[in-house]
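My notes follow in the order in which I looked things up.

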Amino acid sequence: MEFDLKTIEALAPDQASLSAASKLTRRSNWPRLEKNEQQALIWGECQGSGSNPYRTVVDTGDHGYKCTCPSRKFPCKHTLALMWIAATAPASFTSAESTPEWVNDWLGRRRKTTPQPAGAKPGAAASTSGKSIGEASQADEAIAVDDAAATERREAAQRKRAEDTRSAVAGALDELDQWIADQLRLGLSAFADASSERCRRIAARLVDMKATALAGRIDEIPARLMALRSEERPDAAIRELGKLVLLAKAWRSAPDDPELIRLVSASETRDQVLANPDSKHVDSHWEVIGEKIETRRDGLVSHSTWLLDLKSPTPQFALLLDFFPASAGRRSAAFTPGDRFDARLVFYPSRQPLRALVAERKGDVASGAWPDFGLGTVKDPLAAHAAHQDTAPWSTDCPLMLPAGAILLDERGAAWWQAAQDPQGIALPVAGTVDQTVLGLDLAATAALWNGARLDLLAAQSGFGRLDLS
């Protein structure tokens, strides 16, 4: 029962189905949840509005499925919810000694041939059916031809779906361009004040046109704007909309680019990333420098875990990103800020590889101070951000390792990071509130995220050791 939420997202026909499925993941919706690990099957009964529950079965090996609901979406929300429970709460399924008759009926229709039982003698099937060896050989050739034809049909259907998706996304980006032009015409001050409703409308439209990842990003723009002071919001709106324009232009230039597909429509599965020859593999020692947990407007919770490469001569970061339904409640974290471990990470193909998967975790590493990283020669703390923007100008949060400095408050009580080497010139505003015990401390190095307007502090090194700031 190996499922991850990225696989489920890739299988979903649209974002609306995912949102509907997230509401069905409560255990109370499923009076029956069972599994048969030998046959790689999970099944359940989901109580709908009618008197009879919908029966849903999933083959966890090849992701085949069947549901008795009348939905025209494939897979339906019940199937997605069943997979979701398997990914997030596998203990909800009880082991069954035998499969129900309705599951057996589906298996019988789905699998035209049954594997020969273990221990059967070679040629037994042919002899019991009364066929000669030559007839059996002809039958095998016919099956092989049928299998080849079925494979060709599947591949043709996949190509057709890919073409349909590309066409739909192109139309979505055209609508996005028009929407952005409308916002500029109406004025960005008005946009900042009405961003919640305006973004929700265009996001819903983009979901319908299969630009689901882009829709999720637009849905989060109001929260980013509301975190700023009112006088800063028009400039921030220009940045946000400008990044969308650049992303749309880049996708039109390279619609098959994996990074752009990931940012506009849907992400790869874990297996696809691991199998991709363009994925970057890095064996190193890593430290968990912080995490961000945010509830999105689509009902999902985004859990970002930031890692620091302790063997790299310059600051290098990795992002582990996970999503789960808000209705499932807070999940136990696999990592804790300050943890150190030896692992091989595989990065999603990207112009600036950042998002990654832990392919192999080899063991824990002793704690200690961060490497020097040559921070004493850093003159511009935002140089890494500028380089990141030159390569991928549509990106948002950029991780930074700031040189020696301190966190101070201005006359209005707002927090600022101020460089030690130029206390009168280099200062960056800090998002949110800062622990009073950190104020004024000499920080040898500080890890943070910069979004173009604010620093989101993660961790720092001081004379007192490591400080967790996230």
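Accessible areas here come from the Shrake-Rupley method with a 1.4 Å probe. With that in hand, and bearing in mind that this is a predicted model, I looked up the surface of the chain, which comes to about 24000 Å², with 51% of it belonging to carbon and sulfur atoms.

Entry on the whole chain. I find 14 helices and 17 strands, and of the 470 residues 44% count as buried. I also looked up how far along the sequence the contacts reach: among those between residues at least 6 apart in sequence, 61% join residues at least 24 apart.

Entry on helix α11. I checked the length of this helix, residues 233-253, against expectation: at 1.5 Å a residue its 21 residues should span 30 Å, and the end C-alpha atoms are 30 Å apart, which agrees.

Entry on α9 against α11. Helix α9, residues 212-219, packs with α11 at an angle of about 170 degrees, the axes being 12 Å apart. Since angles over 145 degrees count as roughly antiparallel, I note α9 as roughly antiparallel to α11. The residues that meet are Leu 214, Arg 217 and Ile 218 on the α9 side and Lys 243, Leu 244 and Leu 247 on the α11 side; by class this contact has 4 nonpolar, no polar and 2 charged residues.

Entry on α8 against α9. The axes of α8, residues 195-208, and α9 come within 8 Å and cross at roughly 170 degrees, and the two helices are therefore roughly antiparallel to each other. From α8 I noted Cys 199, Arg 200, Ile 202, Ala 203, Leu 206 and Val 207, which meet Thr 212, Leu 214, Ala 215, Ile 218 and Asp 219 in α9. The residues of this contact divide into 8 nonpolar, 1 polar and 2 charged.

Entry on Gln 436. Is Gln 436 buried or exposed? I placed Gln 436 in the loop between β14 (427-429) and β15 (443-450), and I record this residue as exposed because its relative accessible area is 59%, where exposed means over 50%. Gln 436 and Ile 407 are 29 residues apart in sequence, and their C-alpha atoms are 9.7 Å apart in space.

Notes: Residues numbered from 1 in each chain as written. Predicted model: local features only at pLDDT ≥ 70, side-chain atom pairs only at ≥ 80, totals over all residues. Heavy atoms only, no water. Helix = DSSP H or I, 4+ residues; strand = E, 2+ residues; numbered from the N terminus. Expected span 1.5 Å × (residues − 1). Axes fitted to C-alpha atoms, helices over the stretch in contact; angles between N-to-C directions. Parallel < 35°, antiparallel > 145°, perpendicular 65-115°, else oblique. Contact = heavy atoms within 4.5 Å. Nonpolar A, V, L, I, M, F, W, Y, C, P; charged D, E, K, R; others polar. Buried < 20%, exposed > 50% of the residue type's maximum accessible area, 1.4 Å probe, protein only.
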